[in-house]
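Here is a quick tour for anyone opening this structure for the first time. Take a look at the sequence and the model, then read on.

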Amino acid sequence: MNCRVAPLPEDGLCTHETVALPEAFYHLQHYSKETVVHAWLCENPIGVDALTWKELPTPQPGAGEVLIQIQAASLNFPDLLIVQNKYQMKPPLPFVPGSEYAGVVQAVGEGVTHLKVGQSVACLSGTGGFGSHTLAPAKLCMPLPAGFPAVDAAAFIITYATSHHALIDRGQLKAGETVLVLGAAGGVGTAAIQIAKAAGARVIAAASNAEKCALCTRIGADATINYSQDNLRDALKALTDGKGPDVIYDPVGGEFAEPAFRSIAWRGRYLVVGFAAGPIPALPWNLALLKGASLVGVFWGDYARREPQANAAMMQELAQWYGQGKIKPVIHHTLPMAQLKQAYEEMGSRGVMGKLVMVN
Ligand SMILES: NC(=O)c1ccc[n+]([C@@H]2O[C@H](COP(=O)([O-])OP(=O)(O)OC[C@H]3O[C@@H](n4cnc5c(N)ncnc54)[C@H](OP(=O)(O)O)[C@@H]3O)[C@@H](O)[C@H]2O)c1
């Protein structure tokens, strides 16, 4: 069997550097016979039920690779899609899902200079995280400073990088402005609340139930809207004295996009982050004209690839903010790695607040 490490996905999960990933393979002849690894294997991408927890021999890192003993791996939205063959990246079969994880370097391959055996790292390689060990390209691993626990590190890169790039770079958010965060209790939503607060903005968090709204308040939102029961436009009018939010952060799409855009302030910036609800909204363009507003696309992965230095500076700032306690991943709960199917079920049924993290 050739169990492959997938190449860098289209939506970009590049962190440390942005060199396109050469396809790296777990070649059978490179396996060590001593250690056994376990991993969730996707041999047929027809859904979570088809994943199997298998024993595999420990692979030896090739040139530019490291072997990581995984301590924690978080679930991200693409992890749901990739095992159903619905994600833009289609890894060669079989593959181990798990885009983002943290652990300890166990072995380094030829030419790896910035990582050492025993070093704690976070890694965003697109696949490989849902197991006990994985091979990863060293250039995609971020060395972790002391005091950065694996559970937080595994839940950090995608959500905070996306939300920082969205709000600060694409949205040009300024202190004193008002931000509306839709899907605010989700992974990127909770990060967006914290980053907007760190930037000195006022945050209105919108979510689908009272428990999610309460979480948003606990992590710093100044006001909340339960969009399952409140009229979004009326609530926004009331909370902004009729002015509307300056920046709207939208990872959800679907039915709330148009009412939200209609509510935006003069010179507002509407950040198109994702479509968790499914349908991709269509907007009448006159709405942008009437408000002098901008519809702004956010594609953090490509930003990281195309503007590596700016991305590295941003990651450094985020690590500093973490150290200063300004941001901290909201961990819904952790589950043993063997219970991945339960985790998928929770995320797929909209039950997760913040991040769900698998641990070994
Ligand atoms: N553009 C980028 O660079 C980038 C980077 C990372 C992620 N994303 C995208 O951002 C989106 C959110 O990612 P995430 O990791 O934050 O996901 P998540 O943790 O599952 O949060 C998504 C939120 O969307 C809301 N939602 C509304 N309808 C939903 C539905 N039918 N199914 C699931 N959720 C629904 C839920 O909040 P309520 O229940 O409160 O409505 C949920 O909390 C995804 O589409 C992802 O692909 C984009």
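## Before we start

Strands here are DSSP runs of at least two residues, numbered from the N terminus. Keep in mind that this is a predicted model.

## A spot in strand β5

Let's begin with A73, which sits in strand β5, residues 65-74. Is A73 buried or exposed? With a relative accessible area of 0%, A73 is buried.

Who are the neighbours? Leaving aside residues up to four places away in sequence, A73 touches E100, Y101, G129, F130, A154, M337, L356, V357 and M358. There's also a C-alpha separation to note: A73 and S132 are 59 residues apart along the chain, and their C-alpha atoms are separated by 9.9 Å.

## Around the ligand

Now for the ligand. There are 23 residues around it, and G187, S208, K212, Y227 and V273 come nearest. Sorted by class, the shell holds 15 nonpolar, six polar and two charged residues. Two helices, α3 (157-170) and α4 (187-198), each supply at least two residues of that shell.

Some polar atoms pair up with oxygen atoms of the ligand. A polar side-chain atom of S208 lies 2.6 Å from a ligand oxygen, while for G187 a backbone N or O atom is 2.8 Å from a ligand oxygen. How much of the ligand does the protein cover? On its own the ligand has 900 Å² of accessible area, and the protein covers 86% of that.

## Aromatic rings

Searching the whole structure turns up eight aromatic pairs. One of them is W40 with W53, a tilted pair with 5.4 Å from centre to centre and 45 degrees between the planes. W40 belongs to strand β3 (residues 31-41) and W53 to strand β4 (residues 52-59), so this pair ties together parts that are 13 residues apart in sequence. W40 is buried, at 6% relative accessible area, whereas W53 counts as partly exposed at 34%.

Then there's Y227 with F256. Why does this pair count as stacked? The ring centres are 4.4 Å apart and the planes meet at 25 degrees, and planes under 30 degrees apart count as stacked. Y227 is in the loop between β12 (223-226) and α6 (232-239), and F256 is in the loop between β13 (247-250) and α7 (257-262), so the pair links parts 29 residues apart in sequence. Both Y227 and F256 are buried. Elsewhere, F148, F156, Y160 and Y322 form one aromatic cluster.

A bit of background first: most residues other than glycine have a negative phi, and most peptide bonds are trans. Against that, L93 and P94 are joined by a cis peptide bond, with omega at about -10 degrees. P94 lies in the loop between α1 (77-82) and β6 (100-108).

Q172, which isn't a glycine, has a positive phi near 50 degrees. Q172 is in the loop between α3 and β10 (178-182), and is partly exposed, with a relative accessible area of 43%. R267 isn't a glycine either, yet its phi is positive at about 65 degrees. R267 is found in the loop between α7 and β14 (269-272). Is R267 buried or exposed? At a relative accessible area of 59%, R267 is exposed.

Definitions and conventions
Residues numbered from 1 in each chain as written. Predicted model: local features only at pLDDT ≥ 70, side-chain atom pairs only at ≥ 80, totals over all residues. Heavy atoms only, no water. Near = heavy atom within 4 Å. Polar contact = N/O pair within 3.5 Å; in protein donor to acceptor, adjacent residues only side chain to side chain. Areas by Shrake-Rupley, 256 points an atom, 1.4 Å probe, with all protein chains shown as cover. Helix = DSSP H or I, 4+ residues; strand = E, 2+ residues; numbered from the N terminus. Nonpolar A, V, L, I, M, F, W, Y, C, P; charged D, E, K, R; others polar. Phe/Tyr/Trp six-rings, centres within 6.5 Å; stacked < 30°, edge-to-face > 60°. Buried < 20%, exposed > 50% of the residue type's maximum accessible area, 1.4 Å probe, protein only. Contact = heavy atoms within 4.5 Å.
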